[in-house]
Amino acid sequence: MKAIDPHIHMVSRTTDDYLKLAVSGIHTVSEPAFWAGFDRSSAACFRDYFHQLTVVEPARAARFGIRHYCWIGLNSKEAENLHMAEEVLAIMPEYLDRPTALGLGEIGLNKNSRNEITVLERQLELAARRQELVLIHTPHLEDKLKGTRIIMEMLRAESRLDPARVLIDHAEEHTIREIKENGFWFGLTLYPNSKGSPERAIDAVEIYGTERICINSSADWSVSDPLAVLKCANEMRRRGHPEESVRKVFYENPSEFLGQCPKFLPG
């Protein structure tokens with residue numbers, strides 16, 4: 001089958017992982033900007049990172065026939081440094097204009113702090129002004145529900161943002177219903193130790209349906225699996241779901257959401 005991984009951090013993966021994706025049926029990926037596992041020391045580090053996302057990774061992916069798209073944003077963990085955040089925000093439009101940049105992401109909250117909220121507000125304003133897609137990061141810890149609600153309130157307050165052009169990622173069982181009721185897309189992350197499993201993801205599909213859902217691996221520098229999306233598709237197939245439903249969740253849905261950016265062409 002063909003599948004799209006709408007959230008995978010290929011800067012952290014080996015070239016062999018690109019080969020695994022290609023031969024397994026994932027020919028299109030999108031890579032959000034994220035926390036690298038350590039705090040960067042300056043805006044210049046982000047300039048190098050955004051260059052890597054917009055130039056280096058598309059070229060590396062193309063060697064294997066994979067289309068690589070990216071998102072540009074300041075992640076919530078490094079948003080605590082307001083001085084650096086201002087400098088990063090100033091350079092982001094340059095990279096959002098690049099031909100493979102789909103929008104702002106992953107932006108959101110980590111500890112739901114005042115500084116994180118301030119920087120998220122600035123990035124949502126930028127997205128609204130430029131009419132960009134938005135990919136949201138929700139907290140991973142016990143404050144996920146609170147953080148998700150704060151984020152949705154901020155999104156609703158920015159009237160220029162269409163909920164259909166926002167994907168709220170790292171959703172879990174206790175946040176999915178509210179996200180859908182507010183008209184947003186939601187993402188389920190297959191991350192073995194801290195986010196979700198194929199079994200939990202397909203449970204959610206069976207409860208909430210196949211509309212406005214994207215399932216991703218978020219594979220990065222920690223314990224993760226770049227083929228998790230395909231393994232999740234197999235779990236859906238194993239439970240007897242029709243092939244057209246499997247294709248909808250793992251190919252048509254991410255194509256529909258990402259395709260709202262005219263730069264996106266699925267492989």
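Let me start with a definition: Ala, Val, Leu, Ile, Met, Phe, Trp, Tyr, Cys and Pro count as nonpolar, Asp, Glu, Lys and Arg as charged, and the others, Gly among them, as polar. Keep that in mind. One caution too: this is a predicted model.

First topic, empty space inside. Rolling a probe the size of a water molecule over the atoms shows where empty space is left. How many cavities of 30 Å³ or more does the structure hold? It holds 2.

Take the second largest cavity. Its volume is about 50 Å³. Look at what lines this cavity: Pro 6, His 7, Ser 30, Trp 71, Leu 135, Leu 167, Asp 169, Cys 214, Asn 216, Phe 257 and Leu 258. Two elements, β8 (213-216) and α9, each give two or more residues to that lining. Now use the classes. The lining of the second largest cavity has 7 nonpolar, 3 polar and 1 charged residues.

On to the largest cavity. Its volume is about 90 Å³. The lining takes in 13 residues, and the closest to the centre are Ala 171, Leu 188, Gly 196, Arg 200 and Ala 201. Here β7 (185-189) and α7 (198-208) are the elements that give two or more residues. Which element gives the largest share of this lining? That is α7, with 3 residues. By class, the lining of the largest cavity has 6 nonpolar, 3 polar and 4 charged residues.

Next, a pair of helices. Please find α4, residues 114-130, and α5, residues 144-157. Their axes come within 11 Å and cross at roughly 35°. The crossing of α4 with α5 is right-handed. Who meets whom? From α4 come Ile 117, Leu 120, Glu 121 and Leu 124. From α5 come Ile 150, Ile 151, Met 154 and Leu 155. The residues of this contact divide into 7 nonpolar, no polar and 1 charged.

Where does Lys 248 lie? Find helix α9, residues 243-258; Lys 248 is in there. Is Lys 248 buried or exposed? Lys 248 counts as buried, because its relative accessibility is 16% and buried means under 20%. What does Lys 248 touch, leaving out residues up to four places away in sequence? The list is Thr 210, Glu 211, Asn 253 and Pro 254.

That is the tour. Thank you.

How values were computed
Residues are numbered from 1 along each chain as its sequence is written. This is a predicted model: local features need pLDDT of at least 70, side-chain atom pairs count only at pLDDT 80 or more; totals for chains, interfaces and linings use all residues. Side-chain values use heavy atoms; hydrogens and water are left out. Helices (H or I, at least four residues) and strands (E, at least two) are DSSP runs, numbered from the N terminus. Buried means under 20% relative accessible area, exposed over 50%, partly exposed in between (1.4 Å probe, protein chains only). Contact means heavy atoms within 4.5 Å. Axes are lines fitted to C-alpha atoms, for helices over the stretch in contact, and angles run from 0 to 180 degrees between N-to-C directions. A crossing is left-handed if the near helix is turned anticlockwise from the far one by less than a right angle, and right-handed if clockwise. On a 1 Å grid over the protein atoms alone, a cavity is a set of points where a 1.4 Å probe fits but cannot get out, and a pocket is an open set with protein on both sides within 12 Å along at least five of seven lines; lining residues have an atom within 4 Å of a point. Grid points are joined across faces, edges and corners, and a volume is the space filled by probe spheres set on the points.
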